[in-house]
Amino acid sequence: MPVLMLIRHGQSAWNLENRFTGWMDVNLTAEGEAQAVKAGGLIAGEGLAFTEAFTSMQTRAIRTLWLALAAMDRCWLPETKSWRLNERHYGALTGLDKAETAARHGDEQVRIWRRSYDTPPPPLAEDDPRHPVNDIRYAGIPRELLPATESLKTTLERVLPFWDGSIVPALKQGNVLVSAHGNSLRAIVKHLFGLDEAGIMAVEIPTGNPLLIELSDDLVPVAVRYLDADRAQPLPPLP
């Protein structure tokens with residue numbers, strides 16, 4: 001039976017500053033680097049063999065993967081990067097301080113933008129430097145696929161083709177490690193566990209704490225746990 005190991009990147013500079021990050025490419029803090037190294041040590045302690053790793057196109061997730069693999073003595077593990085594993089795009093909220101945004105727009109409106117399933121924040125204009133069409137790393141992706149804003153619903157719609165086309169085939173060959181972001185990982189969890197909209201709203205994945213999901217041969221979750229019990233959040237219920 002295969003194992004899917006999900007890691008949300010370690011603490012980033014904008015996590016620390018309480019800013020909406022989304023597709024902005026910010027780096028790990030020293031604490032985030034330490035979380036990634038600890039995550040790798042915890043994964044190594046499970047004694048699992050992995051056949052492939054996946055990550056996003058964003059530095060904080062890529063470096064978390066690399067630091068974890070180094071701690072696991074598995075730097076040679078094949079890895080694939082995809083924009084489809086990027087964090088949810090926060091549109092015009094990108095870069096804003098969360099407390100200041102709540103003071104300007106009201107707590108309830110910000111709560112809806114952050115926690116509702118299908119209500120995205122206001123979009124970015126294409127000429128805004130924060131829009132992904134202006135980032136060279138996405139130059140090969142059709143413009144119409146690059147988001148100006150996203151809800152969790154549209155994040156899931158973006159993640160699913162990569163899940164079906166790349167991660168599922170890899171899981172049929174062995175254990176898989178995914179280093180990504182809070183919302184792209186929540187999208188995978190919603191799909192994999194069959195959660196409804198209310199169910200996924202209760203799932204919060206902490207930074208740098210590996211989530212181990214044991215799967216049946218037909219990729220149905222049969223067990224789930226965080227490796228760092230001291231920093232665990234409530235787990236999704238098994239299907």
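Author: In this predicted model, histidine 181 has a relative accessible area of 0% and is therefore buried, since buried means under 20%. Histidine 181 is found in the loop between β4 (175-180) and α7 (182-193). Its side chain is joined to that of serine 56 by a polar contact of 2.8 Å. Apart from neighbours within four places in sequence, the residues in contact with histidine 181 are Arg8, His9, Ser56, Gln58, Arg60, Ala61, Leu85, Asn86 and Glu87.

Strand β4 itself holds serine 179. Serine 179 also counts as buried, at 0% relative accessibility. With neighbours within four places in sequence again left aside, serine 179 is in contact with Ile7, Phe54, Thr55, Ser56, Ala61, Thr64 and Leu65.

The axes of helix α2 (residues 30-44) and helix α3 (residues 59-71) come within 7 Å and cross at roughly 45 degrees, which makes α2 oblique to α3. The crossing in which α2 passes α3 is right-handed. On the α2 side the contact is made by Glu33, Ala36, Val37, Gly40 and Gly41, and on the α3 side by Arg63, Thr64, Leu67, Ala68 and Ala71. Sorted by class, this contact of α2 with α3 has five nonpolar, three polar and two charged residues.

Methods
Residues numbered from 1 in each chain as written. Predicted model: local features only at pLDDT ≥ 70, side-chain atom pairs only at ≥ 80, totals over all residues. Heavy atoms only, no water. Axes fitted to C-alpha atoms, helices over the stretch in contact; angles between N-to-C directions. Helix = DSSP H or I, 4+ residues; strand = E, 2+ residues; numbered from the N terminus. Parallel < 35°, antiparallel > 145°, perpendicular 65-115°, else oblique. Left-handed = near helix turned anticlockwise from the far one by under 90°. Contact = heavy atoms within 4.5 Å. Nonpolar A, V, L, I, M, F, W, Y, C, P; charged D, E, K, R; others polar. Buried < 20%, exposed > 50% of the residue type's maximum accessible area, 1.4 Å probe, protein only. Polar contact = N/O pair within 3.5 Å; in protein donor to acceptor, adjacent residues only side chain to side chain.
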